[in-house]
Amino acid sequence: FIFGTVPFTLVDVQFSKSNPLFGCFAASNGNIYTATLSPSGGSYTVSSGILVSGTTPYPIRAIHLFENNKVMAVGENNYVGYWNGSSWQNFSPTVTATPNPTFNDVFFHDDKVGYVVADDGVILRSVNATITPANHTITAIDFEVKNVIDEIIDDTADVNIQCIAFGSRY
């Protein structure tokens with residue numbers, strides 16, 4: 001993206017699966033911007049606008065863009081938030097493997113099944129997600145804690161998980 005001089009760092013970018021010319025990006029200033037690509041003479045131009053303006057309580061590390069253009073954001077100090085189109089809902093887990101973990105990435109297969117990864121080998125899996133059937137907006141979600149500790153990796157200080165993605169759900 002070329003915006004000229006901007007007072008922020010790009011943190012994460014996600015494009016819609018059903019409309020690959022539309023996406024969102026998270027910035028270090030706390031805003032989440034929309035990006036629409038328009039084909040123009042063999043190249044693309046970008047128009048952008050603010051989807052969410054600096055309202056998360058902690059710096060965002062990563063976002064997930066749902067097909068209904070809602071956004072799940074994760075970041076520092078145990079923060080998991082969901083932009084429902086008008087406000088942030090705090091879905092930060094009440095129990096984690098370490099105090100106030102830094103969440104580095106988030107990925108959802110669909111509206112209910114998702115994962116969040118963090119420093120110190122922490123992996124969260126969504127459970128008990130409730131959505132509004134008409135618009136697929138998440139109204140409640142919990143996370144169960146997993147981690148990568150096993151007989152080979154025995155110290156969480158050895159593992160900071162930076163990203164997560166799946167090629168297919170099946």
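Start with Arg61. Arg61 is partly exposed, at 33% relative accessible area. Keep in mind that this is a predicted model.

What does the side chain of Arg61 meet? It meets the side chain of Glu76, in a salt bridge of 3.7 Å, N to O. The pair links distant parts of the chain. Arg61 sits in strand β5, residues 60–65. Glu76 sits in the loop between β6 (71–75) and β7 (80–83). That puts the partners 15 residues apart. Glu76 is partly exposed too, with a relative accessibility of 26%.

How many salt bridges are there? The count is 2. Besides Arg61 with Glu76, we have Lys146 with Glu144. Here the N to O distance is 3.8 Å. Lys146 has a relative accessible area of 42%, so it counts as partly exposed. Glu144 has 30%, and is partly exposed as well. As background, side chains of opposite charge can pair when their charged atoms come close.

Which residues gather in the patch of negative charge on the surface? They are Asp150, Glu151, Asp154, Asp155 and Asp158. Take Asp155 as one of them. Asp155 lies in the segment after β12, which spans 137–147. Its relative accessible area is 35%, so Asp155 is partly exposed. A patch member needs over 30% and no salt bridge. Asp155, at 35%, clears that accessibility cut-off.

Now the rings. The model has 9 aromatic pairs. One of them is Phe107 with Phe166. A pair of aromatic rings is described by the distance of the centres and the angle of the planes. For Phe107 and Phe166, the centres are 5.5 Å apart and the planes make 45 degrees. That pair is tilted. Edge-to-face would need over 60 degrees, and stacked under 30.

The cut-off for buried is under 20%. Phe166 is partly exposed, at 35%.

One last item on aromatics. Which residues do ring pairs link into a cluster? Tyr58, Tyr79, Trp83 and Trp88.

To recap: 2 salt bridges, 9 aromatic pairs, and a patch of negative charge on the surface that includes Asp155.

Note on methods
Residues numbered from 1 in each chain as written. Predicted model: local features only at pLDDT ≥ 70, side-chain atom pairs only at ≥ 80, totals over all residues. Heavy atoms only, no water. Patch = residues over 30% accessible without salt bridge, like charges linked within 9 Å, V, L, I, M, F, W, Y side chains within 5 Å. Areas by Shrake-Rupley, 256 points an atom, 1.4 Å probe, with all protein chains shown as cover. Salt bridge = Lys/Arg side-chain N within 4 Å of Asp/Glu carboxyl O. Lys, Arg positive; Asp, Glu negative; His and termini not counted. Charge placed at Lys NZ, Arg CZ, Asp CG, Glu CD. Helix = DSSP H or I, 4+ residues; strand = E, 2+ residues; numbered from the N terminus. Buried < 20%, exposed > 50% of the residue type's maximum accessible area, 1.4 Å probe, protein only. Phe/Tyr/Trp six-rings, centres within 6.5 Å; stacked < 30°, edge-to-face > 60°.
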